[in-house]
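Try each task with the structure open before you read its solution.

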Amino acid sequence: MKVGVITNAIARGVRIASEIEKNPGVEAWVLVFDPRGCSFPVRLVREIYYLASRRVLFKSFRRLLRGRILYFRKSISHPSSLERIRNQEFAVGVHDLNVIYRRPIIDAFGRGILNSHIGILPRYRGRCVAEWSMLEGSPTGITVFFIDEGIDTGRHIVLKEEVPVPRHTSIGGLKSFLFDRDAEMYRKALTAILGGKELLINETDQGQRYYPMSQLLLNVVEKLAQS
Amino acid sequence: MTRRVELDIDAFPAPSGNLTNLLREALKARRNEVEEQFKQFHLNSLRPELDEIALVIGKQRTAISVAQEISWCESVLDIEFVLLAAAADKPIVVIPGHSSVDAGPATIRKNETLLGINRILQRYSCPLNIIQPSERKFFEECLRYLMVVDRVQPVEPIEERLRWLLLSLVSLRCRAVRDIRALDVLNYFWERLSRPLPASTFVCSFFGNYDAALERNL
């Protein structure tokens, strides 16, 4: 299965690609989008320190030599970017870019684009869902689903897992803990897809959309997380 | 192949005692601040007739309070007055409505602000209607409009008026329906308000109803 990791940071993309390629049958390309338009060598030099510090420098060069890093100077919605993605004929896209995808982008990947959401769907859609889960006494967790143009409303859920948060942590620590599991979750999701696992339906009417939390309640969650 | 998954959203564990205490303390502290701010508004200078509302009651019309179950109704007075009366805990004079319950929720569309305001003002000529279960969809749209784009930044006067109107409606519903998620939208705005505040009826009614909503959720 040919998979494209959509990102704006080489190191993150390489980390995810390396993890999902642990699946036999998955070949991953890293699609790096930099709409600010700086040249690839400049971008690479800028990221070398970051790559080295994340211990993915060697992996990145190896991937680059194999032609598995594609660099885009235009945004993902630009026609030239779309055309280039379509030509690659990816079966699945993996989301690691801070954008809302429009339909033509989603359709450029055969089965769609996967998103790793740090909340349990369908109940927790939107922002600050890890904090809201804690505040409402619900399990924290991660859901991997195929996105649509809405906010966490994609109809097909590939997998969801409850992930208990470590005790005595901060909100920042809690979110990092959940976000850092994205590569592992994508790998599991692709395994499930390759194995023909039936998909769950994201019944959006059984959940709510959440918004950024006020400082007042963030303080409550912070105390709760640290207790 | 897909399968439907039923998820009971009330099936999750209830908040622990520690969480309840932390929440109550936080909301209580916020309520003191909001109450103080509300006191600074001179209701009668904004609408002198507010204290005379009792004179209007009893003339073949119905007076109801925010807490009551209501059927679709229309107000005898304008929306600003009714919001203010609700904020001041005065009974609200209404007449049975015959209007657009079946017309679907009002919508707030981008680049259509003026039209949006007029449509909302017409539909919620009696703002108490926002409390009805049938208005949940519109209420969700209010939250989305307020929170998706950062509406806290300075905006055009017309949009400013829409924002205060929506905040007033949200606060009115929050004092009748226990919903910490919606209440937190008000918390979020409170923390970002630029002072000094304009002395308008919508602003005043927002504070009064926000204060009552905090008390309701304590």
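**Exercise 1. Work out how α6(B) crosses α8(B): what are the hand, the angle and the residues in contact?**

Step 1: the crossing of α6(B) and α8(B) is left-handed, where left-handed means that the near helix is turned anticlockwise from the far one by less than a right angle, and right-handed means clockwise. Step 2: α6 of chain B covers residues 136-148, and its axis lies 11 Å from that of α8(B) at an angle of about 30°. Axes here are lines fitted to C-alpha atoms, for helices over the stretch in contact, and angles run from 0 to 180 degrees between N-to-C directions. Helices (H or I, at least four residues) and strands (E, at least two) are DSSP runs, numbered from the N terminus. Step 3: α6(B) and α8(B) are therefore roughly parallel; the classes are roughly parallel under 35 degrees, roughly antiparallel over 145, roughly perpendicular from 65 to 115, and oblique for the rest. Step 4: on the α6(B) side the contact (heavy atoms within 4.5 Å) uses B:R136, B:F139, B:E140, B:L143, B:L146 and B:M147, which meet B:R181, B:A182, B:V185, B:Y188 and B:F189 of α8(B). Step 5: sorted by class, that contact has eight nonpolar, no polar and three charged residues. Ala, Val, Leu, Ile, Met, Phe, Trp, Tyr, Cys and Pro count as nonpolar, Asp, Glu, Lys and Arg as charged, and the others, Gly among them, as polar.

A word on the ground rules: this is a predicted model, where local features need pLDDT of at least 70 and side-chain atom pairs count only at pLDDT 80 or more, while totals for chains, interfaces and linings use all residues. Residues are numbered from 1 along each chain as its sequence is written, chains are lettered from A and ligands numbered from 1 in the order in which they are written, and side-chain values use heavy atoms, with hydrogens and water left out.

**Exercise 2. Now take α8(B) against α9(B): what is the angle, and which residues make the contact?**

Step 1: α8(B), residues 180-190, packs on α9(B) at about 135°, with the axes 11 Å apart. Step 2: that makes the pair oblique. Step 3: the contact pairs B:I180, B:L183, B:L186, B:N187 and B:W190 of α8(B) with B:F206, B:F207, B:Y210, B:A213, B:L214 and B:N217 of α9(B). Step 4: the tally is nine nonpolar, two polar and no charged.

**Exercise 3. Describe the interface of chain A and chain B: how many residues touch, and how much area is buried?**

Step 1: 31 residues of chain A are in contact with 31 of chain B. Step 2: about 2,900 Å² is buried, 61% of it from carbon and sulfur atoms; buried area is the accessible area (1.4 Å probe) that two parts lose on being put together, summed over both. Step 3: in chain A, the most area is lost by A:Q206, A:Y211 and A:L216, together 22% of what that side buries.
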